[in-house]
Amino acid sequence: MITLVNPTLPYGFAKRHGVILLDAGDVALIGLREGADPAGLIETRRALGRPIRVQTLTQAAFDRELSQVYAGDHLNATNGGEDLDMPSGLDSLIDDIPATADLLDTADDAPVIRLINGVIAEAVRAGASDIHLEPFEHALVVRMRIDGVLRETLSLNPRITPLLVSRVKVMARLDIAEKRIPQDGRIPLALGGKTLDVRVSTLPSRAGERVVLRILDKDQADLKLEDLGMGPNALAAFRSALAEPNGIILVTGPTGSGKTTSLYAGLTLLNDASRNILTVEDPVEYAIDGVGQTQVNVKVGMTFAAGLRAILRQDPDVVMVGEIRDVETAGIAVQASLTGHLVLSTVHTNDAAGAVTRLRDMGIEPFLLASTLRLIVAQRLVRRLCGHCRREEDADPATTKLLGVKTGKRVWRPQGCAHCNNTGYTGRVGLYETIRIDDRIRRLIAAEAGEEAINAAAFAQGGTLTEAARRLVLEGVTSVEEAVRVTRQDVAVDEPAREVAA
């Protein structure tokens, strides 16, 4: 395992010559990009003043290391080379901000610019999905959503609020003079070899404008179905449904549960140049080569329904609709599937069977749902326990009852260490439940059966979200608290729990 260190090679030199310092030991380990001129190693050795050994890196590996090593470089440059944690690093940038600042000063070393760049770079390094800039009378609070949970990162002087907001607006090409209405924009960024797309949303509030930056890492668009963490049965069901020539595949779950990522993984599997794949999304989150992607624009009448109606005249084989929100979109999606198209979409429901009820309540006839639905996937994301600091202990009586296990069963709890930023968790893993629409389920849908009857038929052999959560708890992947937080219900199934041997 290579230990990344504070880089002592200038970023521009490293990127230009394809060299990167991976380990600053007595003999420095240097990564050399494939195809780079080895002559750059001579200057590298002279700059480091020590012997070097070389490890060849592919282009993708070099770009990844470059992003990780230099993401926080400007934060660490003020402390003589020692590791600097996030708050103190950004505090040093905050101290540079004068009482008044010229917003027209766009020099690279302008304090406000360096601060916002530092916040974004640190968010990327920490794997945050969102950055919240929240102004109050006494402070500007910066929070980051990491692994689905918001954490306060900084508390700044409120006088900085208009400076930071204006800088973000300039980067997103928004109107800096308009502070009365919400605005939305985008910032394309490059961090080393990593390409990012940052969605910006501003909202007027009592103490100033709130800003939320959604960080979209385009590398995530390359995820394959096998990378999602589905169990063998769910993965087989998803693959089988994608192989169908027509029908509807629905992915359900709350906001931030990874529904769009699952659909993109499915599109990547289908994107073999033999099909015409078209999407209508709000917004287009990741660009996929070979897929025609259309952006919803309600202001000019480009709704999901209008976009779906239009792309059906573009001779598609596969259609993805970002979300089914109304009866018009649902009706067009059903008609598209009936006319020989494979339709992928999402709905917001708590479980897989709830999608049937939701579409039925929108006004879609049950017999149409029965004939068009092929698969419903419900999913959640739970945080993964940190492998460095998780601790094992005997399950207490409440936990044994919740999990349906024998007394004395060992479970894992979060603790917190430097590797996980004292949270006890690193990364997330998916929970999935799938309902394949076979003849038995099809008859229930056509007969307008309730969710309980559909669930009883679909999960007679298990496979619910709660059972998936229990399995991950017993395997030590996540904690009981995290499983309950995400599923919002008992981890145990409603029926008498099946006891698991200790």
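1. A residue counts as buried when its relative accessible area is under 20%. Keep that cut-off in mind as you look at this model, which is predicted. Glu-323 has a relative accessibility of 16%, so Glu-323 counts as buried.

2. Where does Glu-323 sit? Look in the loop between β13 (318–321) and α11 (327–338). From there, the side chain of Glu-323 makes a polar contact of 3.2 Å with the side chain of Arg-325. Leaving aside residues up to four places away in sequence, Glu-323 also touches Phe-304, Thr-329, Ser-345, Thr-346 and His-348.

3. Now for the aromatic rings. A pair of them is described by the distance of the centres and the angle of the planes. This structure has one aromatic pair. Its partners are Tyr-264 and Tyr-286, with centres 5.6 Å apart and planes at 65°, an edge-to-face arrangement. Tyr-264 belongs to helix α9 (residues 259–270), while Tyr-286 is in the loop between β11 (277–281) and β12 (292–295), so the pair ties together parts that are 22 residues apart in sequence.

4. Are these two tyrosines buried or exposed? Both Tyr-264 and Tyr-286 are buried.

Notes:
Residues are numbered from 1 along each chain as its sequence is written. This is a predicted model: local features need pLDDT of at least 70, side-chain atom pairs count only at pLDDT 80 or more; totals for chains, interfaces and linings use all residues. Side-chain values use heavy atoms; hydrogens and water are left out. Rings of Phe, Tyr and Trp (its six-membered ring) pair if their centres lie within 6.5 Å; planes under 30 degrees apart count as stacked, over 60 as edge-to-face and the rest as tilted. Helices (H or I, at least four residues) and strands (E, at least two) are DSSP runs, numbered from the N terminus. Buried means under 20% relative accessible area, exposed over 50%, partly exposed in between (1.4 Å probe, protein chains only). A polar contact is a pair of N or O atoms within 3.5 Å; within protein, one must be able to donate a hydrogen and the other to accept it, and residues adjacent in sequence count only if both atoms are side-chain atoms. Contact means heavy atoms within 4.5 Å.
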